[in-house]
Amino acid sequence: MDIVETLKLKIAMLEACNEDLLVAIGVHNKRGEYHLSAECMRKIKKATYDIERLKAHLLDQQNFLWVIKDLQERGLLSEVIKKYAYQA
């Protein structure tokens, strides 16, 4: 599995987790367990931050793959790699 698919899978997993936590918050509020609701909210906040970070990383990866594909189509990729290899 490539990195783009892995990132998409992690994002979907975190989004599903957030949905489950929202349901749990409703249950905890009905029972009057507000401290557990607050804990769920903290977890949602952290997961939302992680989702945004992963989406930015996914966009970077997709843009990078687009650049690589464009260079391959124009036949410039080998020239870029040669110039990079000689600089190192």
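I note that the model is predicted.

Next I looked up the secondary structure.

The chain exposes about 7000 Å², and 61% of that comes from carbon and sulfur atoms. Of its 88 residues, 22% count as buried.

I took helix H1 on its own. H1 covers residues 3-31, which makes 29 residues. From first C-alpha to last, H1 reaches 42 Å, close to the 42 Å expected at 1.5 Å a residue. Which residues of H1 are buried? I listed Val4, Leu7, Ile11, Leu14, Asn18, Leu21, Ile25 and His28. An α-helix has 3.6 residues a turn, so residues three or four places apart point the same way. The cover over the buried residues of H1 includes H2. After H1 comes Gly32, and I read a positive phi for Gly32, near 80°.

My last entry is on Ser37, which lies in helix H2, residues 34-74. Is Ser37 buried or exposed? Ser37 is buried, because its relative accessible area is 6%, under the 20% cut-off. Leaving aside residues up to four places away in sequence, Ser37 touches Ile25, His28 and Asn29. Ile25 and His28 are also in my list of buried H1 residues. With Asn29, Ser37 makes a side-chain polar contact of 2.8 Å.

Note on methods. Residues numbered from 1 in each chain as written. Predicted model: local features only at pLDDT ≥ 70, side-chain atom pairs only at ≥ 80, totals over all residues. Heavy atoms only, no water. Buried < 20%, exposed > 50% of the residue type's maximum accessible area, 1.4 Å probe, protein only. Areas by Shrake-Rupley, 256 points an atom, 1.4 Å probe, with all protein chains shown as cover. Helix = DSSP H or I, 4+ residues; strand = E, 2+ residues; numbered from the N terminus. Polar contact = N/O pair within 3.5 Å; in protein donor to acceptor, adjacent residues only side chain to side chain. Contact = heavy atoms within 4.5 Å. Expected span 1.5 Å × (residues − 1).
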